[in-house]
Amino acid sequence: MNRVVITGMGIWSCLGQTLEDVRQSLYDGKSGIIFSQERKDAGFRSALCANVPQPNLKPFVPRNMRQFMPEEAQYAYMATKDALEAAKIDQDFLEKNEVGIIYGNDSVAESTMKALDKFREFKDTSACGSGAIFQSMNSTITMNLACLFKLRGINLTSSAACASSSLAIGNAYLLIKNGLQDCIIAGGAQEANMYSIASFDGIQAFSTRESEPTKASRPFDKNRDGLVPGGGAATIILENYEHAVKRGAPILAEIIGWGFSGNGDHISTPNVAGPARSLELAIKNAGIDIKEIGYINAHATSTHAGDGREAMAIAQIFGDYKVPVTSTKSQTGHEMWAAGAAETIYSMLMMQNDFIAGNINFEEPDEETACVNIIPETQQTHFDTFLTNSFGFGGTNSTLIIKRI
């Protein structure tokens, strides 16, 4: 089996659009959450959201191609462009080698809505516009990026709710490990517009702590009252270790384990058994002792049921070993389809720079979350291996374990 390494990273986040800016935001405990008057005026119960800037693609993508790219594809392009540059992969390399892409995405709400609104308004399907079909498909990101970067390897979209991008990374890891590809672009993106998450607001999934936006996302805290929606994109470049060494790539870390599971239970309420199986399988596949894991980036979204069940799953697997745990969603809100990839990068930045970003807004645990070691403030510490969880609606779970090289 091949070793699978990370050779490049790129991100478009409410914490920054460069790795250095994001690293600083993580270290400083900066929140990217704001109050949106637009959402309040539109009828949202909660007008809290992450502040994700719109990128300017004009210097990079011709107009005739931009018409095919919805919001999340634009985020993904910027993250991927930077990740490829960091991995020292240029366009000539992409065109001469078989590079694939597996990217997480599970909605294209705004583009679909706008196209169909035009159809209904004018009673003419041509009013949708020539770019509508390519903007409205779930596979919009992989189809756009594969064409823009002229990728000739696997071209696949991972749609698995909030585990989408973690599963994208996991599947890319599996293909490279088994020798089916040498290099894959993996990641995830989430549209940040209000239409994509209106239905979440409708089921009262969001925090209503509107008077204190930066304190609203509080994973594991006793007084958490719901998640805060985020967005953006994150891309990592995965390669066969030998392939990376041969071309002189910067080798940042190695993926040593992947676990996954299904809860086989309620469509939105998580249980303990499913996440615990995902953790257990990842550790088994990594072939390491649990005490080698120096940090866990938890999925914890700031909901009562989700945070509590995940804490219990971690405690069940790690027992007496009180591994440091935080959820970077305390700073970013829930980046949903992008979360697994983004949190992999956040954890990588911590590992590279010897710190654990604090789980901001954590003041007091409840009976369920008291069983894990939550780090409330940034802690200067060295660790060589981390575990990151991503769980989603429908009971889909994914756990990655990554080690410093």
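What follows is a short tour of a sheet, one of its strands, and some helix contacts. Keep in mind that this is a predicted model.

- Strands β8 (residues 253–262) and β15 (residues 396–404) run antiparallel and are joined by 9 bridges.
- If you want a spot to look at in that pairing, find G259, which sits opposite T399 in β15.

**Strand β14 and its partners**

- On one side, β14 pairs with β9 in the parallel sense, over 3 bridges. Here I296 stands opposite L387 of β14.
- β14 also pairs with β15, this time in the antiparallel sense and over 8 bridges. Here S390 faces S398 of β15.
- β14 and β15 form a hairpin with 3 residues between the strands. In that hairpin, G394 takes a positive phi near 85°.

**How covered is β14?**

- β14 is mostly covered, with 8 of its 8 residues buried.
- T385, L387, N389 and F391 point one way from the strand, while F386, T388, S390 and G392 point the other way, and all are buried.
- Is T388, for one, buried or exposed? Its relative accessibility is 1%, and buried means under 20%, so T388 counts as buried.
- T388 is found in strand β14. Setting aside neighbours within four places in sequence, what does T388 touch? Its contacts are N297, E343, T344, S398, T399 and L400.

**A helix across the sheet**

**Helix α12 against α13**

- α13 also meets another helix, α12 (residues 273–286): the two axes come within 8 Å and cross at roughly 40°.
- That angle makes α12 oblique to α13, and the crossing is right-handed.
- From α12, the residues involved are P275, A276, L279, E280 and I283; they meet A313, I314, Q316, I317 and F318 in α13.
- Sorted by type, the residues of this contact come out as 8 nonpolar, 1 polar and 1 charged.

**Helix α4 against α8**

- Another helix pair to look at is α4 (residues 71–86) and α8 (residues 140–148), whose axes come within 9 Å and cross at roughly 45°.
- α4 and α8 are therefore oblique to each other, and their crossing is right-handed.
- On the α4 side you'll find E72, A73, A76, Y77 and T80, which meet I141, N144, L145 and L148 in α8.
- This contact divides into 6 nonpolar residues, 2 polar and 1 charged.

Conventions:
Residues numbered from 1 in each chain as written. Predicted model: local features only at pLDDT ≥ 70, side-chain atom pairs only at ≥ 80, totals over all residues. Heavy atoms only, no water. Pairing = 2+ DSSP bridges. Helix = DSSP H or I, 4+ residues; strand = E, 2+ residues; numbered from the N terminus. Axes fitted to C-alpha atoms, helices over the stretch in contact; angles between N-to-C directions. Parallel < 35°, antiparallel > 145°, perpendicular 65-115°, else oblique. Left-handed = near helix turned anticlockwise from the far one by under 90°. Contact = heavy atoms within 4.5 Å. Nonpolar A, V, L, I, M, F, W, Y, C, P; charged D, E, K, R; others polar. Buried < 20%, exposed > 50% of the residue type's maximum accessible area, 1.4 Å probe, protein only.
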